[in-house]
Amino acid sequence: MVLITDGRANSNDGGDPIAAAISAAEKIGRTGIPSVVIDTENDFISLAVARQVARSMGSTYYRLQELSEAAVVHIVQNALSS
């Protein structure tokens with residue numbers, strides 16, 4: 001699984017969107033599905049939600065700003081072949 005996110009969680013039911021995202025990530029993590037999180041957050045003040053999601057999923061975490069285009073392609077190809 002490749003998750004590309006800015007970490008800006010939202011809620012359809014009025015609940016805490018970050019708690020819901022972390023809970024969903026924990027459920028995914030328990031399945032053992034190999035996963036990668038690519039964080040696209042680019043704000044001056046970082047909420048680090050994507051990093052929390054990656055940790056909860058047991059995923060490898062990357063910040064998009066630190067990756068080249070070729071690195072993103074390589075990461076995704078490796079994730080798909082796992």
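Modeller: Gladly, and keep in mind that this is a predicted model. Let us begin with glutamate 66 and arginine 63, whose closest N and O atoms are 3.2 Å apart.

Colleague: What makes glutamate 66 and arginine 63 a salt bridge?

Modeller: The label needs a side-chain nitrogen of Lys or Arg within 4 Å of a carboxyl oxygen of Asp or Glu. The N and O atoms of this pair are 3.2 Å apart, so the pair qualifies.

Colleague: And why is glutamate 66 called exposed?

Modeller: Its relative accessible area is 59%, and exposed means over 50%. Arginine 63 has 28%, so arginine 63 counts as partly exposed.

Colleague: How many salt bridges does a search of the whole structure find?

Modeller: Two. In the other, the side chains of glutamate 41 and arginine 8 meet at 3.2 Å, N to O.

Colleague: Why do you say that this pair ties parts together?

Modeller: Glutamate 41 sits in the loop between β2 and α2, and arginine 8 in the loop between β1 and α1, so the bridge links parts that are 33 residues apart in sequence.

Colleague: Is glutamate 41 buried or exposed, and how do you know?

Modeller: Buried means under 20% relative accessible area; glutamate 41 has 6%, so it is buried. Arginine 8, at 34%, is partly exposed.

Colleague: What makes β1 and β2 a strand pair?

Modeller: Pairing takes at least two bridges. Four join β1 (residues 2–5) to β2, and the strands run parallel; isoleucine 4 has isoleucine 38 as its bridge partner in β2. From β1 the chain passes through helix α1 (residues 17–31) to β2 in a right-handed β-α-β crossover.

Colleague: How do you know that β3 pairs with β2?

Modeller: By the bridges again: β2 and β3 (residues 60–63) share four, in the parallel sense. Valine 37 stands opposite tyrosine 61 there. With helix α2 (residues 49–57) between them, β2 and β3 make a right-handed β-α-β unit.

Colleague: What makes you say that both faces of strand β2 are covered?

Modeller: Val36 and Ile38 on one side are buried, as are Val37 and Asp39 on the other.

Colleague: Which residues make up the largest nonpolar core?

Modeller: There are nine, including Ile22, Val37, Val49, Met57 and Tyr61. Helix α2 gives the most to this core, with five residues. Apart from it lies another core of five residues, among them Val36, Ile38, Val72 and Ala79.

How values were computed:
Residues numbered from 1 in each chain as written. Predicted model: local features only at pLDDT ≥ 70, side-chain atom pairs only at ≥ 80, totals over all residues. Heavy atoms only, no water. Buried < 20%, exposed > 50% of the residue type's maximum accessible area, 1.4 Å probe, protein only. Helix = DSSP H or I, 4+ residues; strand = E, 2+ residues; numbered from the N terminus. Right-handed = clockwise from strand over helix to strand, strands pointing away. Core = buried A, V, L, I, M, F, W, Y, C linked by side-chain atoms within 4.5 Å.
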